[in-house]
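Reader: I would like to go through the ring contacts here. Please set each value against its cut-off.

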Amino acid sequence: MMKPIVVIGFLGTQLDSGKGSGRWEKWRPTLSLTQHPHMAVARMELLYTPRHQALAELLKADIAGVSPETAVNLVPLAIEDPWDFGEVYTRLYDWARAYPFDAGREQYWAHITTGTHVAQICMFLLAESRILPAVLAQTSPPRRQREGDPGSYALIDLDLSRYDAIAQRHAAEQRDAVAFLKRGIATRNARFNALIDEVERVAVRSRAPILLVGPTGAGKSFLARRMFELKKARHQMSGAFVEVNCATLRGDGAASSLFGHRKGAFTGAASERAGLLRSADQGVLFLDEIGELGADEQAMLLMAIEEKRFYPVGADREVTSDFQLIAGTNRDLREAVAAGRFREDLFARINLWTYELPGLAQRPEDLEPNIEHLLAQHAHETRRGVRFNAEARTAYLRFAQGPDAPWRGNFRDLSASITRLATLAEGGRITEPLVQAEIARLRWLWAREDPSARAATTEVDLDALLGAEQAAALDLFDRLQLEAVLRVCRQSRTLSDAGRKLFQASRAARSVVNDADRLRKYLAKHQLSWDRLVA
């Protein structure tokens, strides 16, 4: 059974007007909705300004004459200026919020033929946001005016899911946006695909801070710039993309670089400086390695994010800048917060949307499409096409996707590697000898000691390894000796390698050398094993 129709619309002070009998000879849009023989309006909510009370009552009486079954409620709205968008929207919004809609029992039509253009726009916006749970109704006069001819009407449902063609275009647009964020590379990693899908939705729907976490070279800066370019293409931003690595901001100049300074604020401040935050107004500010910011800069940044205003160095008057912050870090900021190196309130503010970009070693299936992309990019830049021989391609991918390729520099390492191969390729062909030479170069590159990795792997926690009770029972002499042995073990590739380092003097006097067995027995005395140490 069809639900009763309820029409919501503004009184047309011109189109619905007329006092004498001649009014019946003209087409009046609000009245026409009640004159269609095969469509009955159960109720009409007629919105009007108080100074048009008489016209509203006359129209109500005329509707009663042609459609007695239609109940007309006169709804006065205290609108002084019908062309003031803020006033009209506020009055209509307040009325709609208070109205007892019952979409389960009634269907609602928002009539947009009458009222000022501002009123029609407000009606559209409220229907689009579902504050008015209505379809739009548009009425039109008959081609030839005849008394009693209601003309025609059309209904527009703003629920886009009902329109297959529109839904398909939206889906295609989203796919294009996702491909844009991935720079057109057909990513095969499921985790990374899911991450980029969500990043696309957030990028076009939100201006809240975004935190990108990942190792150096994972593409944080690139992704931040692509997000900005996507928003720019959607006309959501008019400002610039401003990027700075916070590790380069040191001492007194850090605050000046970010927040600007006034002339004479400090020695050497010969002129006023706007600062990076003001340069990013109406755009995106990308702060890479945000964990390197000093405590004072962190406090000033928090205020700038929350209130869009801040004090330049040496200034006594605030300035404003409305920017979106995208932050990057290769550290775990949770640990920095726990250690007191990073403000907890700032972390909470930038942690609304956090995305961890996996390193290249965690995306081995993406090496092949990225290699193809880099070769195509090289060909575009140099106007020289380069391809792998079949054997060379197989050898390179076997190494690149294997356990011996940590890709410590991530895409920077891969880009440099492909550039070297493409540059050295004779006749546009990358051969297997070239690949083997490049693999040797990469092995040498990654064999260099990584101080940060060493610090992480050589740290010894006897309480965790032995248990607090057993560790406490050790004499200081035994404790120090054991800690030293364990540090050497964690710096070594194998048990034998660690044994050679620890017994480098006594092994020369032995006829049978078995350093690994000696070390294994020493560890077993403390209920430890090599596998447990390197796990």
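Reader: Where do Tyr89 and Tyr93 lie, and how many residues apart?

Author: Both lie in helix α3 (residues 85-98), four residues apart, about one turn of the helix. Helices here are DSSP runs of H or I, at least four residues, numbered from the N terminus. This is a predicted model, where local features need pLDDT of at least 70, side-chain atom pairs count only at pLDDT 80 or more, and totals for chains, interfaces and linings use all residues. Residues are numbered from 1 along each chain as its sequence is written, and side-chain values use heavy atoms, without hydrogens and water.

Reader: What makes Tyr89 and Tyr93 a stacked pair?

Author: Rings of Phe, Tyr and Trp (its six-membered ring) pair if their centres lie within 6.5 Å; planes under 30 degrees apart are stacked, over 60 edge-to-face, the rest tilted. The centres of Tyr89 and Tyr93 are 6.1 Å apart and the planes at 20°, so the pair is stacked.

Reader: Why is the pair of Trp407 and Trp446 called edge-to-face?

Author: Their ring centres are 4.9 Å apart and the planes stand at 75°, so the pair is edge-to-face. Trp407 is in the loop between α14 (390-400) and α15 (411-424), and Trp446 is in helix α16 (residues 432-447), so the pair ties together parts 39 residues apart in sequence.

Reader: Is Trp446 buried or exposed?

Author: Buried means under 20% relative accessible area, exposed over 50%, partly exposed in between (1.4 Å probe, protein chains only). Trp446 has 7% relative accessibility, so Trp446 counts as buried. Trp407 is buried too, at 1%. Tyr89, at 24%, counts as partly exposed.

How values were computed. Helices (H or I, at least four residues) and strands (E, at least two) are DSSP runs, numbered from the N terminus.
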